[in-house]
Amino acid sequence: QPVAHILLQVRESVGELTANLTEAEWNARPANVASSAFHVRHITGVIDRLFTYARGDGLSPEQFSAIRSEGDHLPASDVAAVLDALSARVDSAVAELRTIDVATLGDFRAVGRAKLPSTVIGCLVHGAEHSMRHVGQLSVTTRIARAADAKA
């Protein structure tokens, strides 16, 4: 249940933080940090990838392609699709949580190409906490980008 609560909070916070961002603000990289566009795409991808590992699966070619495009410029015309993808991924993750047998939470799971050791619960919790960490980074980036845009 805590993982579901975190994921729902991630979605709500992303919506609040990105409301009415301009295209320039979405793509701004103040002090060369990651853009807001990156953080939102990355959150979606993190949830997707960590839940994939929790199921005991490896990443698909589409998931590797998504990793490579997380930092791409985000046109204003694509903002709704990016936010919809995050929302859909959260919904899917919460639904998946309902199906997990609690007896399997301690089962071994290999993560990444290096096959780092984890467990089902480790993957799920890491997906949620890593996403929330990027919400924090998104919060700072959006504030700085808006302030810079207001001065321009």
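This is a predicted model: local features need pLDDT of at least 70, side-chain atom pairs count only at pLDDT 80 or more; totals for chains, interfaces and linings use all residues.
**The core**

The largest nonpolar core has 32 residues, and L7, V14 and I47 touch the most other members. At least two residues come from each of α1, α3, α5 and α6, with α3 giving the most, nine residues.

| Helix | Residues |
|---|---|
| α1 | 2-18 |
| α3 | 36-54 |
| α5 | 79-99 |
| α6 | 120-151 |

**Helix α5**

With 21 residues at 1.5 Å a residue, α5 should span 30 Å, and the 31 Å between its end C-alpha atoms agrees with that. Which residues of α5 are buried? They are V79, V82, L86, R89, V90, A93, V94 and E96. An α-helix has 3.6 residues a turn, so residues three or four places apart point the same way. On the face turned away from the buried side sit the exposed residues D84, R98 and T99. The cover over the buried residues of α5 includes α1, α2 and α3.

**N27**

Helix α2 also holds N27. N27 counts as buried because its relative accessible area is 16%, under the 20% cut-off. Its side chain reaches the backbone nitrogen of L74 at 2.7 Å. Leaving out residues up to four places away in sequence, N27 touches S35, A37, D72, H73 and L74.

How values were computed. Residues are numbered from 1 along each chain as its sequence is written. Side-chain values use heavy atoms; hydrogens and water are left out. A nonpolar core is a set of buried Ala, Val, Leu, Ile, Met, Phe, Trp, Tyr and Cys residues joined through side-chain atoms within 4.5 Å. Buried means under 20% relative accessible area, exposed over 50%, partly exposed in between (1.4 Å probe, protein chains only). Helices (H or I, at least four residues) and strands (E, at least two) are DSSP runs, numbered from the N terminus. The expected span of a helix is 1.5 Å times one less than its number of residues. Contact means heavy atoms within 4.5 Å. A polar contact is a pair of N or O atoms within 3.5 Å; within protein, one must be able to donate a hydrogen and the other to accept it, and residues adjacent in sequence count only if both atoms are side-chain atoms.
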